[in-house]
Amino acid sequence: MQGTPLNVVHGRDLSFIKEVEAESGQKISNCYQCGNCSAGCPAAFTYDLQTNQIMRAVQLGLKDKVLDSKSIWMCLSCSTCSLRCPNNIDVANVMETLRHMARRENRINVPVMDKFWLSFLNTVRAFGRSFEIGTMVLYMLRSLRLTTDVDLAPGALSKGKLGFKPHVVPDGGARAVARIFKRYEERAKREGVRP
């Protein structure tokens, strides 16, 4: 008979905050719930838990609640929360860390967002920086949402916001980005996670 792990008490994983702090490099225990992160978040209307609620749930060791939340997938990584934090916690980094942790445990609760991030990263890997049309095409193919935002393309094209060719990366830039991806893929392989 398998018992409850020693670090889990009444559904609270007491080591969770330490794991998140170690992986993110942020002192989450310093969050005193001022709510500035939630008040400034442009994606808050899509969240099931507001940013400060995510931070509090991490502090309380509510690992399942946090990693099963849709909020960590809907985060735009715009860093508004980080800029507004009076304790200089990089909240956007925490949200990114939580996404990685959820992905490692195969807790992807908003699959279309995961497909978008993977499409974006694939273009960065290939070209050294974002290639908007490439990201859009990869996302549409992965998600099978073949007409997603197609109506926006003519306006964006006419204003020069979407290029048909990837941006040119200065010499050495693409190699530097390739090294970053290689390190990430090696780590993912060691941890047994899909890169």
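Guide: Start at the surface, where V137, L141 and L146 make a nonpolar patch with about 280 Å² of accessible area together. This is a predicted model, so local features need pLDDT of at least 70 and side-chain atom pairs pLDDT 80 or more, while totals for chains, interfaces and linings use all residues. Numbering runs from 1 along each chain as its sequence is written, and side-chain values use heavy atoms, without hydrogens and water.

Visitor: Why is L141 called exposed?
Guide: Buried is under 20% relative accessible area, exposed over 50%, partly exposed in between (1.4 Å probe, protein chains only). L141 has 54%, so it counts as exposed.

Visitor: What makes K63 and E105 a salt bridge?
Guide: The term needs a side-chain nitrogen of Lys or Arg within 4 Å of a carboxyl oxygen of Asp or Glu. Here N to O is 2.9 Å, so the pair qualifies.

Visitor: And why is K63 buried, but E105 partly exposed?
Guide: K63 is at 15%, under the 20% limit, so buried it is. E105 has 34%, which falls between 20% and 50%, so it is partly exposed.

Visitor: How do you know that E105 also bridges to R107?
Guide: Their closest N and O atoms are 3.1 Å apart, within the 4 Å limit. R107 is at 16%, so that residue counts as buried.

Visitor: What makes E185 and R125 a salt bridge?
Guide: Again the distance: 2.8 Å between the closest N and O atoms, within 4 Å. E185 is partly exposed at 30%, and R125 is partly exposed at 32%.

Definitions and conventions:
Patch = residues over 30% accessible without salt bridge, like charges linked within 9 Å, V, L, I, M, F, W, Y side chains within 5 Å. Areas by Shrake-Rupley, 256 points an atom, 1.4 Å probe, with all protein chains shown as cover.
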